Amino acid sequence: MKKLKVLALLLMSVAFVSCSESDGQLKYEGENAVFFNQPTTTQKIILDGVSPDMVATIPFGFVTPASASSQVKLVFDAENSTAVQGVDFAIVNDMITVEAGSLGGEFEVKYFQDPAVSEGKVANFILESSAVAPAVFKNNFAVTMVLSCQVDLATFPLTYDVEVYAFGEQADPHVQTFTVVTGQENSFKVNSMWGVNFVAWATGSASYAGQFVYPATIVINCDNTVDVITTGTQFLGGSGTYDPATGVIDVVITQGVFTDPFDTNCIFYPSQP
């Protein structure tokens with residue numbers, strides 16, 4: 001069996017560039033810069049197949065407040081995109097004036113339903129400004145626009161019998177009930193991917209029963225591929241497939257709970273009534 005990594009200590013150092021200390025607080029003194037100021041630089045737009053279009057925003061920000069009125073332009077990067085401007089989308093306002101003292105603004109982009117496909121099209125954007133240079137971070141924003149492929153939640157099975165395989169052996173099976181993630185298409189939360197007793201089985205120690213249970217979100221994509229989304233460093237997610245004919249979800253997940261890396265195969269079979 002693998003050795004469980006119960007505790008890991010991560011020593012981190014933080015480097016401050018172009019900063020000075022005043023009254024015990026760090027103050028940035030470098031050049032201002034503009035960037036896409038969202039937690040991630042990707043966005044997914046789902047066209048529902050009913051409305052002809054939808055409008056969404058792309059926010060941007062400055063590292064420090066603008067010292068004077070400044071213009072920022074949203075520029076479509078056609079060379080690195082599969083979507084076509086004027087066909088798949090239109091930028092409603094491609095130039096924003098940011099007044100002195102402000103930290104940013106947002107652009108509006110309209111996305112069209114008719115040309116959308118379930119496989120998705122990607123539009124990449126960059127920022128330009130004659131007054132403020134683009135930052136070295138978060139200077140590209142990718143929007144994926146897809147045609148809705150929502151499963152029928154009235155008939156989609158939400159309870160599954162799960163078989164789990166690791167180290168060339170079968171672990172204890174378990175039952176999982178999916179919870180629908182509101183507002184996110186074909187996304188379902190599960191309490192445990194590999195079962196609440198997997199770590200006890202893997203280590204041969206009953207004391208680990210109910211620990212490190214691997215919570216996750218399962219996302220079924222339009223092409224019937226599956227993504228397993230997690231947070232943190234203990235559970236690293238994975239991928240697999242969905243068979244709409246049988247309802248079977250077959251995924252391989254990775255982990256950071258144990259010292260040595262290994263994959264775990266989890267096969268979800270719709271529970272029979």
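Predicted model: local features only at pLDDT ≥ 70, side-chain atom pairs only at ≥ 80, totals over all residues.
Residues are numbered from 1 along each chain as its sequence is written, and side-chain values use heavy atoms, with hydrogens and water left out.

Let me begin with the cysteines. If a disulfide is taken as a pair of cysteine sulfur atoms within 2.5 Å, the count comes to one. That disulfide is formed by Cys 149 and Cys 222, whose sulfur atoms lie 2.1 Å apart, and with -90° about the S-S bond the link is left-handed. It joins distant parts of the chain, 73 residues apart, with Cys 149 in the loop between S12 and strand S13 (159–166) and Cys 222 in the loop between S18 and strand S19 (225–229). When I speak of strands and helices, I mean DSSP runs numbered from the N terminus, with helices (H or I) of at least four residues and strands (E) of at least two.

Are these cysteines buried or partly exposed? I use buried for under 20% relative accessible area, exposed for over 50%, and partly exposed for what lies in between, with a 1.4 Å probe and protein chains only. Cys 149 counts as partly exposed because its relative accessibility is 23%, and Cys 222 is likewise partly exposed, with a relative accessible area of 23%. Cys 266, by contrast, has a relative accessible area of 0% and is therefore buried.

Turning to charge, side chains of opposite charge can pair when their charged atoms come close. With a salt bridge defined as a side-chain nitrogen of Lys or Arg within 4 Å of a carboxyl oxygen of Asp or Glu, the structure holds one. Here the side chains of Asp 88 and Lys 121 meet, at 2.8 Å from N to O. This pair, too, links distant parts of the chain, 33 residues apart, since Asp 88 sits in the loop between strand S6 (70–76) and strand S7 (89–91) and Lys 121 belongs to strand S10 (residues 121–128). Both Asp 88 and Lys 121 are buried.

Next comes the largest pocket, which has a volume of about 890 Å³. Of the 28 residues that line this pocket, the closest to its centre are Lys 44, Gln 184, Ser 187, Val 219 and Ile 229. Two or more lining residues come from each of strand S4 (42–47), S12, strand S17 (187–190), S18 and S19. A pocket here is an open set of points on a 1 Å grid over the protein atoms alone, where a 1.4 Å probe fits, with protein on both sides within 12 Å along at least five of seven lines, and lining residues have an atom within 4 Å of a point. The volume is the space filled by probe spheres set on the points, which are joined across faces, edges and corners.

The C-alpha atoms of Ser 187 and Ile 218 are separated by 5.7 Å, although the two residues are 31 apart along the chain.

A second pair of this kind involves Val 72, which lies in strand S6 and is buried, with a relative accessible area of 0%. Val 72 and Leu 127 are 55 residues apart in sequence, yet 6.8 Å apart in space, C-alpha to C-alpha.

As for Trp 194, it is found in the loop between S17 and H1, and a relative accessible area of 1% is why it counts as buried.

Finally, the backbone. Most residues other than glycine have a negative phi. Which residues in the loop between H1 and S18 concern us here? Phe 212, in the loop between helix H1 (198–203) and strand S18 (216–220), has a positive phi of about 50° although it is not a glycine. Tyr 214, in the loop between H1 and S18, has a phi near 70°, again a positive value in a residue other than glycine. Phe 212 is buried at a relative accessible area of 18%, and Tyr 214 is buried at 0%.
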